[in-house]
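Opening my notebook on this one.

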Amino acid sequence: MAGTTRSMAAADLAAGPWILQDERHHTMIFQAEFTVRIEPQGWTFAASDAVPLLQAARNAAIGLPSSCRNGTCRTCMCRLLSGQIRYQIEWPGLSSDEKKDGYILPCIAYPQSDLVIEEPRATALPLPVLG
Ligand code: FES
């Protein structure tokens, strides 16, 4: 049941376009392109190839474990069960065996398709007040 509630909230937020500002106050406007599902919770959220998976989850009020947010600490490491991602840096902090086993770093992973990830540590964040 909790998954259903989170999915409905994410769907509301997915209507977009979203407007975000980075740390340097650059404004980004993007439209959702893909759907990401988190297992075992069954929560879904919208994502774009322009925003890292960790941030897209946060935009949908879903918290994924994180610390450095730059691909070095491995706190966010989780498994990609299906779909494609890309990294902007050549070799993020994963071994070749971890990559073969489907592990990804959501803080620096950009969705390239609909995704299913396994992250039992995901948490529901307070929903933002809209309007
Ligand atoms: S938060 Fe540190 S590697 Fe992702």
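Predicted model: local features only at pLDDT ≥ 70, side-chain atom pairs only at ≥ 80, totals over all residues.

I started with strand 6 and strand 10: they run antiparallel, and three bridges join them. I then looked up who faces whom, and found serine 82 opposite valine 116 of strand 10.

In which order do the five strands of the open sheet lie? I read off 4-3-10-6-8, with mixed pairing. Strand 4 and strand 8 (103–104) are the edges, since each of them pairs on one side only.

Then I stepped back to the whole chain. I counted three helices and eleven strands. Going along the sequence, I wrote down α-β-β-β-β-α-β-β-β-α-β-β-β-β. The protein chain has 131 residues, and 29% of them count as buried. I also checked contacts between residues at least 6 apart in sequence: 61% of these join residues at least 24 apart.

Now the inside. How many residues does the largest nonpolar core have? I got 27, and Val36, Phe45, Ala47, Leu53, Ala56, Ala57 and Ile62 have the most contacts inside it. Which elements give two or more residues to this core? My list reads strand 3 (34–39), strand 4 (43–47), helix 2 (53–59), strand 6 (78–82) and strand 10 (115–118).

Leaving out residues up to four places away in sequence, alanine 47 touches Ala32, Phe34, Val36, Leu53, Ala56 and Pro111. Val36, Leu53 and Ala56 were already in my notes, among the core residues with the most contacts.

Methods. Residues numbered from 1 in each chain as written. Core = buried A, V, L, I, M, F, W, Y, C linked by C-beta atoms within 7 Å. Buried ≥ 20, exposed ≤ 12 C-beta atoms within 10 Å, placed from the backbone. Helix = DSSP H or I, 4+ residues; strand = E, 2+ residues; numbered from the N terminus. Contact = placed C-beta atoms within 7 Å. Pairing = 2+ DSSP bridges.
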